[in-house]
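Hello,

I am passing a structure on to you, and I hope you enjoy looking through it. Please open it first and then read my notes beside it.

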Amino acid sequence: MEKKKVQLNNKLVWPSEPYKPDTGMMPEFVGRESEMELIMAAWIAGKRTLPLSPVLVGEPGVGKNRIVYELARFTGRDIYLFQGHEDITAEDLACTVRFSDDKANMMEYVLSPLVCAMLNGGIFFLDEIGKIRPRALALLVSVLDERRYIDSTLLGERVYAQPGFRFIAATNTGEVSLLPEFIRSRVRPVIKIGYPPRVEIEEIISRQFKPRMDNLATLIEKFWALWDERIKDKIPPTPRDAIAVFSLASSISDFESRGGSEKLKSAIKADAFTLEAGDKPQAVSSKHLEKALRKLYD
Amino acid sequence: MNEDTKHPCYEYVYRGAKLMAVPAVHHQSAFAHAVHEIARDPVSRPDAIAVELGQEALEELVKFLKELGQGGVKKVILTCMLGIMLRNKYIRVEDREKALLLQGLYQKTLADLPDEVLARGLDFSKWSTLFLDPADSIIEAVRSALELDVPVYGVDLVNFASAHRSGMSIEDPQSAHDDQRRYADRVMGYCGAMRDHRIDLARETFMARGLKDCLTRHKKVLFTCGMAHWKSIVSLLEDENVTPFPSHEIREGVQLKRIIIHPSLAAPSMEVLPQVTMEYEKERYPVTSRKKRVRGVNTAGGLIRKTLDGAYLEYTRDEADAGTDEGGADSWSDIGVFEQYLFQLAAVSQRKVPGFSTMLRSSEAVMGVEFTRTLVKHMMLLDPDWASEKDFPELPVMGPNPGESDGSSANVSRRKVRLERKGMEDGLGTGDGASFYAEIPSGGDIDPSALEKYWKWDDEAEEGGGSGGGSSWMWPPCETLLYGLGFKAVDISDSEKNTMARPMPFEGSMESGINVKATMRSMIRGERKVYVSRLASRSERNTSDGIDPEPMVFIFEKGKDWPGAYWQTMQAGSRLGEIVKDKKLFRDMAVKYGTTFVPCVHAIRNMKTPEHLKSLVSSMAFLVGSVLFGNPCVNAKQSAIWIEATKYKCCPIVNDCSVSGVRNYYLNEKNINLDLGLWAESLILMAIPFSKKSVTVIAPDLFSIPPRARVEAARRKVTLSHVPLSHFSEEQVKKARERIMINTLDQDGQCFPPESERVLSQKKGAYVELLPYEMRKQLSLDEGVNE
């Protein structure tokens with residue numbers, strides 16, 4: 001679909017696109033009802049109450065982003081994602097400019113995901129807020145309190161949020177405490193996303209790998225035994241960890257079933273070693289699982 | 001509705017005998033009240049009572065209640081929370097294959113498999129528990145039977161595998177207080193879906209046969225069971241093939257044990273708040289008494305309001321006393337946000353009033369640790385107090401496994417617990433102090449071990465603490481957080497230098513990216529040049545790689561005078577000479593300067609140690625200012641790496657490590673005469689001689705660097721960078737200022753008392769992630785503590 005400029009007062013500007021998660025790549029969502037409740041409670045707003053702006057805090061891989069995608073789906077809103085990093089400037093949060101393709105103009109405005117979410121009443125998801133420098137976060141202040149607007153110096157405009165606009169941020173565990181007070185007091189509740197219980201990890205693995213592994217129940221038990229034996233301090237796995245181990249085990253098995261290293265060495269262009277995974281069930285064994293865990297965590 | 005008595009029960013007539021059933025939600029006083037009223041009313045008073053318990057468990061319960069003084073005509077309060085543990089035997093039949101798999105995988109018989117594996121793999125725990133909750137309809141029924149002196153029958157199976165319940169939630173049982181029968185009609189319309197057909201059908205058949213047997217013996221029988229069973233029991237009662245059977249005559253020799261339930265396990269499973277249950281108990285009189293239970297003004301909603309208001313008052317008063325804000329004004333605005341969130345969360349969870357779990361979760365998410373601690377204290381208040389070992393010295397306490405979450409979350413009824421009775425064996429294989437899994441009534445999504453962070457039972461506050469003749473050492477997270485904030489400040493100062501750099505015309509390198517403002521100004525001027533932001537040169541940066549960091553100075557308070565403050569110097573380790581690689585160089589340095597390395601100098605103020613920490617903590621202080629020479633020196637090995645990597649140029653080296661010794665060092669070695677009465681100036685002056693390029697001063701927003709420090713810095717070509725304290729949250733700064741000294745178990749401070757993490761609600765390795773990579777690497781070489 002062709003991207004079109006939109007009119008913002010007297011300016012024609014490029015909008016940022018909402019993020020559409022690829023549902024085909026993601027297994028069905030499992031658990032996290034309690035966390036979802038906490039977020040939904042924060043987002044409830046009426047004529048006299050403002051929505052709160054929660055921040056999700058948790059270790060990498062526990063599924064913070066996935067929770068936000070699911071909530072966007074449940075609430076029927078578009079999600080505008082903004083990836084935080086150290087080089088973000090305050091103005092990046094409102095508007096940026098780019099060199100124009102049109103020779104008549106030198107530069108064009110590109111509205112940030114935040115401004116687009118405000119204009120369209122969508123969900124703005126600021127990922128890795130803890131990585132953004134404090135001075136760059138200053139523009140968020142007026143968005144997150146009762147003013148609900150953002151001033152863009154570049155645009156020379158004040159943009160007000162539609163009533164449907166909701167804000168959510170995420171960061172890793174250690175970084176939330178380093179947010180400056182003027183933001184910290186505005187992004188709450190602080191919702192801790194912990195490690196999912198083992199039963200949920202098992203459910204995630206089952207949904208993702210059942211069509212590809214016949215002996216999944218045995219493999220899952222083996223996985224727990226290996227994990228408890230090998231991982232120091234009994235740190236539980238995140239869904240990402242578990243998926244990575246099973247994916248790698250499946251790939252190792254696939255690689256071996258196609259002839260392994262011998263075949264790879266002798267492969268030629270006419271008979272190239274294919275990189276595409278097959279749909280057929282893999283003969284993944286405990287050995288493959290052990291090898292995968294060793295490669296990933298030793 | 002029962003037309004004769006107007007009591008909200010379900011009536012079933014079997015061969016001329018009447019069954020009055022109260023299908024109930026467990027631990028909810030509305031249903032206990034219904035049972036109580038049927039038993040109390042002379043018109044409906046039953047000849048016998050039947051309950052959803054196995055006969056052996058029931059008999060133990062009856063004995064226990066009698067010993068507690070229950071069953072007489074005089075009112076005796078049943079204190080919370082006592083319980084009975086029941087040994088489980090069976091796994092589900094469909095788990096057979098999995099059980100074989102686990103036995104093969106672990107090469108052990110089923111009985112020898114670890115508890116964790118049984119719990120996770122087979123959803124099996126060796127014990128289940130019965131809470132003697134006064135607001136539970138079964139407990140009420142048994143108490144009523146004792147008071148009426150009528151037979152009571154346990155018609156449920158004695159042993160059965162645990163059921164798999166669906167995670168479905170039902171309408172808030174608080175609605176049952178309005179109209180219990182209509183509530184039951186509504187909920188029974190769908191709660192059958194929560195049944196585990198395989199397990200529950202067998203139980204219900206057994207119960208139906210037992211009830212039929214009771215009804216052949218008695219004319220009027222009162223029965224209470226879980227709401228999800230009733231419809232199925234009715235259909236089985238109507239089934240002619242389900243014949244009467246004396247269920248209560250079955251004996252299987254089930255293993256039972258009386259216990260005290262730790263309040264952290266009990267409270268989340270009680271009705272809304274523990275006070276609500278106790279309010280029911282206080283208003284209850286024996287069914288034979290002429291006094292009628294009259295519901296007081298303290299409804300659940302009223303008790304919640306009272307609890308919240310009590311916590312708000314205490315919190316705002318404490319905040320105002322601590323001087324952290326003006327009269328607690330900010331606290332009240334925070335409380336407004338908390339109230340909004342609390343009631344919204346209750347609405348999302350479809351609760352009429354916020355319960356224990358909702359209050360705790362909201363407080364954690366919105367208010368932070370201090371308020372949550374205050375709130376939980378008010379939530380856990382009970383009058384009369386919780387049943388404890390003092391009242392029942394012969395009973396062990398079943399409590400959460402300290403310091404360890406069992407990883408369970410929403411609505412899981414199986415928890416890792418511990419049974420403890422000092423100096424006595426329990427004789428049941430659970431072992432005193434050993435942890436094991438037990439099924440306990442579901443307490444929403446609260447992990448009881450999480451409550452430990454906020455609340456300590458009085459009995460536990462006296463535990464532990466023995467210093468065993470060790471010495472006093474700094475709790476490591478105090479150091480790592482302070483240094484972590486310092487390094488973050490260095491990063492902030494660094495990146496500001498970077499972006500503050502002047503724009504330059506684009507000449508091939510994008511440097512730090514397009515400078516839009518400069519480019520547009522250029523367009524306006526008609527130049528049509530693109531400008532980029534110049535990257536700060538390496539020499540302008542103050543990168544904290546963790547090997548040889550620049551010094552940092554913290555100034556936490558405004559003004560020149562810091563009343564009540566005093567100087568404190570710290571040592572990097574007393575036996576560094578034995579750890580360094582080049583021992584000869586160390587000896588040379590020691591001869592020349594001294595043997596004591598000073599990694600930091602603080603201005604501190606003493607703090608009162610809270611009651612609950614006194615047994616562990618030797619002293620507490622609050623930082624007013626501090627100079628950190630670069631490395632937290634969490635252990636002697638880290639100190640040794642640091643001083644060697646920096647060729648002994650990183651910090652003052654003295655023989656006399658008192659503050660006057662440090663002052664003499666600066667005078668003699670660095671030609672700086674410190675005026676120790678000028679706190680801020682002295683701290684900055686101490687840092688300057690050890691700086692390579694710059695010193696980061698983290699100070700209040702309007703702090704002005706003293707002129708003498710500016711001159712000294714300029715003389716030594718050192719940049720002083722001011723990073724405002726407001727870059728960090730107030731809560732974090734407050735936490736970073738805390739200095740906690742702990743009596744360690746050894747002289748070297750390597751070994752902290754095992755209860756340290758639990759008592760302080762903090763892991764020893766907390767905040768390590770805030771340190772630069774090289775420092776974390778140094779720490780991973782040796783797990784130790786600082787000095």
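Below is what was found, going from one whole chain to a few single residues.

Please keep in mind that this is a predicted model.

Let's begin with chain A as a whole. It has 298 residues, and 53% of them count as buried. Its secondary structure comes to 10 helices and 11 strands. Taken along the principal axes, the C-alpha atoms of chain A fill a box of roughly 65 × 50 × 30 Å. How much of the contacts in chain A with a separation of 6 or more comes from residues 24 or more positions apart? The share is 73%.

Now for the surface and the charges. Chain A exposes about 14700 Å², and carbon and sulfur atoms supply 52% of that area. The chain carries 43 positive and 42 negative side chains.

One of its members, I514(B), sits in the loop that runs between β13 (503-505) and α18 (516-525) of chain B. Is I514(B) buried, partly exposed or exposed? Its relative accessible area is 31%, so it is partly exposed.

For a contrast, turn to I688(B). This residue is also in a loop of chain B, between α23 (679-687) and β21 (694-699). I688(B) counts as buried because its relative accessibility is 1%, and buried means under 20%. Which residues does it touch, if we leave out those up to four places away in sequence? I688(B) touches V695(B), A709(B), E712(B), A713(B), R716(B), V718(B) and L720(B). Have a look at A709(B) in that list: it is 21 residues from I688(B) in sequence, and their C-alpha atoms are 8.2 Å apart in space.

Last, go back to chain A and find S142(A). You will see it in helix α4, which covers residues 140-144. S142(A) has 10% relative accessibility, so it counts as buried too. Leaving aside neighbours within four places in sequence, S142(A) is in contact with R147(A), R148(A), Y149(A) and I150(A).

Happy exploring, and write back with any questions!

Best wishes

Note on methods: Residues numbered from 1 in each chain as written. Chains lettered and ligands numbered in written order. Predicted model: local features only at pLDDT ≥ 70, side-chain atom pairs only at ≥ 80, totals over all residues. Heavy atoms only, no water. Helix = DSSP H or I, 4+ residues; strand = E, 2+ residues; numbered from the N terminus. Buried < 20%, exposed > 50% of the residue type's maximum accessible area, 1.4 Å probe, protein only. Contact = heavy atoms within 4.5 Å. Areas by Shrake-Rupley, 256 points an atom, 1.4 Å probe, with all protein chains shown as cover. Lys, Arg positive; Asp, Glu negative; His and termini not counted. Charge placed at Lys NZ, Arg CZ, Asp CG, Glu CD.
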